[in-house]
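Have the viewer open and turn the model as you read.

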Amino acid sequence: MHRSERIMQIKDILLDQGKVFVEDLCSRFDVSEVTIRKDLNLLEEEGYVQRIYGGAIITSENTDSMFLPRSMIKNEILNFSPDKRYISSIASRLVSDGDNIFIGCGDTCAAIAQAMLSRKANFVTNSILVAAILALNPYASVLVTGGNLSGYDRHFLSGDTFIKSMQDFHFKYAFLGAAGADLSGGFTTYSNFEQTVCETVRKASDTVVFALASHKFGKTNFMKICDLNVADIIITDSDIPAEYQMYFSEHDIDVLIR
């Protein structure tokens, strides 16, 4: 796991619990105490946490402003990493004008939204960040679902209100992300709400697309989203491990790489 992704997850825990402990984070991420202490020191330098004995607590100014997506706060709304731009360019080629599309949570989905800025399509999302990006598209119809604020920076929507708001939709494609993908553990994430989101979206979609970088295959995370065979299409890069390519081939799941 890249350090930036681990720090995102630490922030998510802080938003949910208000504090973290070095020992717990070491066990969760399977890294050394030295690594976790460096992560917490970086967050302290950013003013995000205050260090305490054995861990850290979130600072009050971050709990007050955590609603706003971090990418919008830093004015980096369209600055995505090369691997996310690579994946999102493949995703954009699937969509035609007039399609009904769901785009889910996370930075990869946000990058996919950016790649859709020229599509005259109908978009539904439970991500405030995705909606903010799609708002730059003058041709798109953009609808944000209902739901409770959830996840890192609390700019995802989920819960019973989300489920009710999805009852009348039907999508040609649903684009979802994951923090990990494992043959036995399935698609996993660091948020405890995405399983219900995935289950709800798949029932309303012709084609479920999971988009994630190859380094996430063979990794597991905090919470299972669904089994790997739920996906109809996988979008990734050419370094996807051979055993996963074989699995998807055996289950008639298309793997799209450039």
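## Ground rules

Two strands count as paired if DSSP finds at least two bridges between them. Helices (H or I, at least four residues) and strands (E, at least two) are DSSP runs, numbered from the N terminus.

This is a predicted model, in which local features need pLDDT of at least 70 and side-chain atom pairs count only at pLDDT 80 or more, while totals for chains, interfaces and linings use all residues. Residues are numbered from 1 along each chain as its sequence is written, and side-chain values use heavy atoms, with hydrogens and water left out.

Start with the open sheet of seven strands, which pair in parallel in the order 6-5-4-9-12-14-15. At its edges are strand 6 (141–144) and strand 15 (254–256), each pairing on one side only. On average, neighbouring strands here are turned by 20° against each other, direction ignored. (Axes are lines fitted to C-alpha atoms, for helices over the stretch in contact, and angles run from 0 to 180 degrees between N-to-C directions.)

Strand 5 (residues 122–125) runs parallel to strand 6, and four bridges join them. Which residue of strand 6 is the bridge partner of Val124? That would be Leu143. Elsewhere, helix 6 (residues 82–94) lies across strand 9 (171–176), strand 12 (205–211), strand 14 (233–235) and strand 15, at about 140° to strand 14.

Strand 2 and strand 3 (residues 55–58) run antiparallel, joined by four bridges. Arg51 has Ala56 of strand 3 as its bridge partner, and Ile52 stands opposite Gly55. Two residues sit between the strands of this hairpin, where Gly54 takes a positive phi near 80°.

A cavity is a set of points on a 1 Å grid over the protein atoms alone where a 1.4 Å probe fits but cannot get out, and its lining residues have an atom within 4 Å of a point. How many cavities of 30 Å³ or more does a search of the whole structure find? Two.

Helix 10 (residues 194–203) supplies the largest share, three residues.

pLDDT is the predictor's confidence in each residue, from 0 to 100. The chain's mean pLDDT is 88, and 90% of its residues reach 70 or more. Over residues 64–68 the pLDDT is below 50, and this stretch has eleven contacts in the model beyond near neighbours in sequence. Residues 70–76 also have pLDDT below 50, with 13 such contacts.

How values were computed: 1 Å grid on protein atoms, 1.4 Å probe; cavity = no way out; pocket = protein on both sides within 12 Å on 5 of 7 lines; lining within 4 Å. Points joined across faces, edges and corners; volume = space filled by probe spheres on them. Contact = heavy atoms within 4.5 Å.
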